[in-house]
Amino acid sequence: IFLALSPLPSTIYTSSISSFSPILTLSSLFYLHWPFLQNIYRNNYYKYMMKGFLILYYMSTLFLLFPNLAFGSHNYGEALSKSFLFYEAQRSGYLPHDQRVQWRGNSGLNDGKASGVDLVGGYYDAGDNVKFGLPMAFTVTMMSWSIIEYGKQMSESGELSNAIDAIKWGTDYLLKAHPEPHVLYGEVGDGTTDHYCWQRPEDMTTSRAAYRIDPSRPGSDLAGETAAAMAAASIVFRNNNPAYAEELLTHAYQLFEFADKYRGKYDSSITVAQKYYRSVSGYADELLWAAAWLYKASNKQYYLNYLGENGDALGGTGWSMTEFGWDVKYAGVQTLAAKFLMQGNADNHAAVFEKYQEKAENFMCACLGKGNQNIHKSPGGLIFRQRWNNMQFVTSASFLATVYSDYLASAGKSLKCASGPVSPPELLDFAKSQVDYLLGDNPRATSYMVGYGNNYPRQVHHRGSSIVSVKVDPTFVSCRGGYATWFNRKANDPNLLTGAIVGGPDAYDNFADQRDNYEQTEPATYNNAPLIGVLARLHGGQSEYSQLLPVAIPQPKPDPEQKVTPAPASDIAIEQKETTSWVREGKTYYRYSAIVTNKSSKTLKNLKLSVSQLYGSLWGLSKYGDSYMFPAWINSLPAGKSLEFVYIHTANSPAVVSVSSYTLD
């Protein structure tokens, strides 16, 4: 195109081309060709073709002069691996001995203490140090859905164990946050005091107050999303940790009952969340979302009936959506309901589920630009919803398009859009185009995943990555001092936040890599969660099973087996004593201290304890399934040494603590 239409001698471009940058070259070409282009534009016949012509003209010129810049295939496996590293960088609490992101340290170790509950752990949501329950639960739900659909591909890529670990880090915290059937803690810390400071999590001096919902202060959206997260995660753990899966499902049942019985918006109860994670859509979508996941996890007719009987009243069959994310779940509900229908599970609710499917397909058509109400796209082809963290909608829409493409292919059907039928591969191509844009196939040739490719954001709006690691320089970083020393620093981050997906470009593909540009450079956990499924699907190629049939999630590759020693009483001693008690709201609480001593002459490893008749929270051990293990900060107990853990519960007698297994080295 360039050679044919250029009115200038080609020799003008062949001299010293290598000294030009692509941007400078294109700017020069535009200047040189402006009279030629004006003549074309003045001709009305060509006026309507001008926009497309300009794009073709300059893109072809760019690729002619710089053929090495042409977009190539991406290493989706590498991007998948790096996504899980981001979750390790977002961890709160005691970091495990196998932590791979070494610039992070322990943080938030007293979370929940002032409220008498253990809220240590979980994830920081984005670039701050607050633990927001609603987006964290959505993150867990979407990570779980990704594994449920594409666990086989993740296993083949060697990332399934990392994926399961990422989910469990979230669900362990969510279990702690639900100490009673009708009590759920939905936030630790608050955005106002946190945003006033710029500190790495290891130095936090901001408020760590805990906020909860209960029958007098309901939050159906928060409880519903947490129920969905636990139900979805229970499917992930069903084969490799059935006791843990059952525990998750039990909590999910309780939370759904709580959400449905005591209805209300969570941000009316936890008002400090309103400025940051306001529930604009209300709670109706989360009730349907939770019911869908509970049906999928339990196969109980009650939850299928709930979807069928409440679809109209709660908006699931009425709303055609153009977004899907931590706030608005309708498109996700509709996609799951469409799957149930294609599986033949709608029973006598088939007419209602057909309406769910119709709305699911409206969403897919809107993404493709082939519906009656389409999603806006940037000139470079990225779907665009809002200025702040638009990439969250890109990844979530790409995930729904990917799974729905596979559902349709498995059923031998096509998508019905206003402009005509769309084949499943075309829907998958849309998802791939969005992922490819994210990874660098865009007008800026910028990867919006930190650490992927050569050109990615270097000044991420993230406290931990922007401040020198506490392990490199343990000097305390003060609340306001962090802004002066680190936030305002016009230099690359000292710590690479590998795998983080930032907010991304604006509606015109523009992006400014600046730390204070939080709308574009701040990452979030819920950006990555849907993407891991799409990356696994693209990396694995065509699936070899029907996505409409039950899929058993593969076992993660096991560690080398270790010999487990029987537990003679002479090797380990456990002593418990009551240390204090108090009365709160008419209920008596008892605090117990338990000392575990290694009485053998060897090092004690792989300790597993059974704790029963515990009616409260426990600190100082890590819970794994139905057992308790060494805390994250130690992995062995030398001969003659002891460790202490404590618990608070409402019984005036100690819990029953016994040794399940261990090894001696």
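This is a predicted model: local features need pLDDT of at least 70, side-chain atom pairs count only at pLDDT 80 or more; totals for chains, interfaces and linings use all residues.
The chain comprises 665 residues, of which 56% are buried. Its secondary structure consists of 23 helices and 14 strands. Among contacts in the chain with a separation of 6 or more, 75% are between residues 24 or more positions apart.

In soluble globular proteins, nonpolar side chains tend to be buried together. The largest nonpolar core in the model contains 154 residues. Within this core, the residues touching the most other members are Trp145, Trp289, Trp293, Phe353 and Leu415. When residues up to four places away in sequence are not counted, Phe353 touches Leu304, Leu307 and Gly308, together with Ala337, Phe340, Leu341 and Ala346. Another core, of 21 residues, lies apart from the largest one; Leu604, Leu614, Tyr628 and Val657 are among its members.

Two packed helices are described by the angle between their axes and the distance between the axes. For helix H17 (residues 350-368) and helix H19 (residues 424-439), the angle is about 60° and the axes are 10 Å apart. H17 is therefore oblique to H19. The crossing of the two helices is left-handed. On the H17 side, the contact is made by Met364, Cys367 and Leu368; H19 contributes Glu426, Leu427 and Phe430.

Terms used: Residues are numbered from 1 along each chain as its sequence is written. Side-chain values use heavy atoms; hydrogens and water are left out. Helices (H or I, at least four residues) and strands (E, at least two) are DSSP runs, numbered from the N terminus. Buried means under 20% relative accessible area, exposed over 50%, partly exposed in between (1.4 Å probe, protein chains only). Contact means heavy atoms within 4.5 Å. A nonpolar core is a set of buried Ala, Val, Leu, Ile, Met, Phe, Trp, Tyr and Cys residues joined through side-chain atoms within 4.5 Å. Axes are lines fitted to C-alpha atoms, for helices over the stretch in contact, and angles run from 0 to 180 degrees between N-to-C directions. Angles under 35 degrees count as roughly parallel, over 145 as roughly antiparallel, 65 to 115 as roughly perpendicular and the rest as oblique. A crossing is left-handed if the near helix is turned anticlockwise from the far one by less than a right angle, and right-handed if clockwise.
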